[in-house]
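I opened the model to look up how its chains fold and meet, and I kept these notes as I went along.

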Amino acid sequence: MTEISILIAYGLLVMITILLQVLGVMTQISMGYVMSSRDDNRGTTGMAARIERAMNNSIVAMTLFAPAVLILEVLDKTNATTLLAAQVFMIARIIYLPVYALGVPAVRTLAWLAGFLATAVLYFQAL
Amino acid sequence: MTPELTALTLAALLQYLQFALYAVPANRELGPGFTMSARDRPPNNTMSDRTARIGRAFDNHFEGLILFAIAVGVIQMSGQNSALTGLFAWIYLIARLLYVPAYAYGLRPWRSLIWFIGFIATLLMLLAALY
């Protein structure tokens with residue numbers, strides 16, 4: 001797996017997270033509300049709300065991870081370290097989603113931190 | 001420039017347009033006294049439903065745009081542009097253009113359907129990059 005294919009895989013993971021979030025709103029509120037213009041802000045609770053927060057965080061992580069990978073590719077600066085960092089990021093974010101959905105506290109924060117630091121490694125390698 | 005890059009540039013410009021479409025009525029309704037403040041307190045006035053919808057459409061396009069940018073970036077970087085990926089890119093752009101009035105006018109279920117078309121177009125581009 002290259003950094004680019006990991007980026008594609010992460011994009012797909014985020015899309016799955018988005019669908020899970022929609023599914024949460026659908027089951028907790030209704031399909032009608034999902035398709036409405038949502039003028040009354042009806043929030044979810046419990047797991048659906050946690051998935052929504054996980055989704056928002058995954059999108060933030062994506063906006064930091066994607067430029068790093070694309071910069072490394074353009075500069076042709078990919079190496080063993082960047083591949084490892086990208087793999088760590090991906091594994092951390094795969095763990096992050098179910099752990100947040102289930103509400104496991106410390107592991108979630110550690111997984112987030114691992115992904116965050118792995119992204120920082122990518123930027124330092126690009127410099 | 002490839003059709004994918006053209007569509008991406010236009011999609012980013014669409015986001016500027018969506019910002020303007022939201023910012024102008026939001027400032028008129030909430031007042032610059034609130035919008036230019038640090039927003040520590042909730043606004044005294046409320047936004048109209050239409051403005052709030054345009055705001056939600058704007059927020060939603062950030063998500064779509066990031067995923068679409070990755071799809072285009074990856075395809076461009078790996079030189080996998082094809083007639084199909086070009087077509088998907090334009091479908092994405094048209095879907096996101098239509099999404100704004102569909103949300104503003106609360107068209108149901110069209111807004112969800114249009115969102116889904118843009119979502120699928122991005123998904124197919126990511127999958128096309130893998131194979």
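Predicted model: local features only at pLDDT ≥ 70, side-chain atom pairs only at ≥ 80, totals over all residues.

Residues are numbered from 1 along each chain as its sequence is written, while chains are lettered from A and ligands numbered from 1 in the order in which they are written.

**Entry: confidence and chain B overall**

I looked up the confidence next, where pLDDT is the predictor's confidence in each residue, from 0 to 100. Chain B has a mean pLDDT of 97, with 100% of its residues at 70 or more, and for the complex the predictor gives an ipTM of 0.94 and a pTM of 0.96.

For secondary structure I used DSSP runs numbered from the N terminus, taking helices as H or I of at least four residues and strands as E of at least two. Chain B then has five helices and zero strands, in the pattern α-α-α-α-α along the sequence. Its C-alpha atoms fill a box of roughly 55 × 30 × 20 Å along the principal axes, and 36% of its 131 residues count as buried.

I call two residues in contact if their C-beta atoms, placed from the backbone, lie within 7 Å. Of the contacts in chain B with a separation of 6 or more, 75% are between residues 24 or more positions apart.

**Entry: where the chains meet**

How many residues of chain B are in contact with chain A? I found 24 residues of chain B in contact with 20 residues of chain A. On the chain B side, α3 (49-77) and α5 (110-130) each supply at least two residues, and α3(B) gives the most, with 13 residues.

I sorted residues by class, counting Ala, Val, Leu, Ile, Met, Phe, Trp, Tyr, Cys and Pro as nonpolar, Asp, Glu, Lys and Arg as charged, and the others, Gly among them, as polar. The side of chain B that touches chain A has 14 nonpolar, four polar and six charged residues.

I then picked out B:Ala69, which is in helix α3 of chain B. B:Ala69 counts as buried because 20 other C-beta atoms lie within 10 Å. Leaving out residues up to four places away in sequence, B:Ala69 touches A:Ala66 and B:Leu8.

**Entry: two helix pairs**

For helix packing I took axes as lines fitted to C-alpha atoms, for helices over the stretch in contact, with angles running from 0 to 180 degrees between N-to-C directions. Angles under 35 degrees count as roughly parallel, over 145 as roughly antiparallel, 65 to 115 as roughly perpendicular and the rest as oblique.

The contact is made by A:Ser5, A:Ile8, A:Gly11, A:Leu12 and A:Met15 of α1(A) with B:Leu123, B:Leu126, B:Ala129 and B:Leu130 of α5(B). By class, these residues are seven nonpolar, two polar and no charged.

Within chain A, the axes of α1(A) and helix α4 (residues 80-102) come within 10 Å and cross at roughly 15°, which means that α1(A) is roughly parallel to α4(A). Residues of this contact include A:Ile6 and A:Leu13 of α1(A) and A:Leu83 and A:Met90 of α4(A). The contact of α1(A) with α4(A) has nine nonpolar, three polar and two charged residues.

**Entry: backbone details in the loops**

What kind of peptide bond joins B:Arg108 and B:Pro109? I found a cis peptide bond, with omega about 5°, and B:Pro109 is in the loop between α4 (83-104) and α5 of chain B.

I also looked for positive phi in residues other than glycine. B:Arg39 has a phi near 60° and is in the loop between α2 (32-35) and α3 of chain B. A:Asp76, with a positive phi of about 55°, is in the loop between α3 (46-74) and α4 of chain A. I noted A:Asp76 as exposed, because 6 other C-beta atoms lie within 10 Å.

Conventions
Buried ≥ 20, exposed ≤ 12 C-beta atoms within 10 Å, placed from the backbone.
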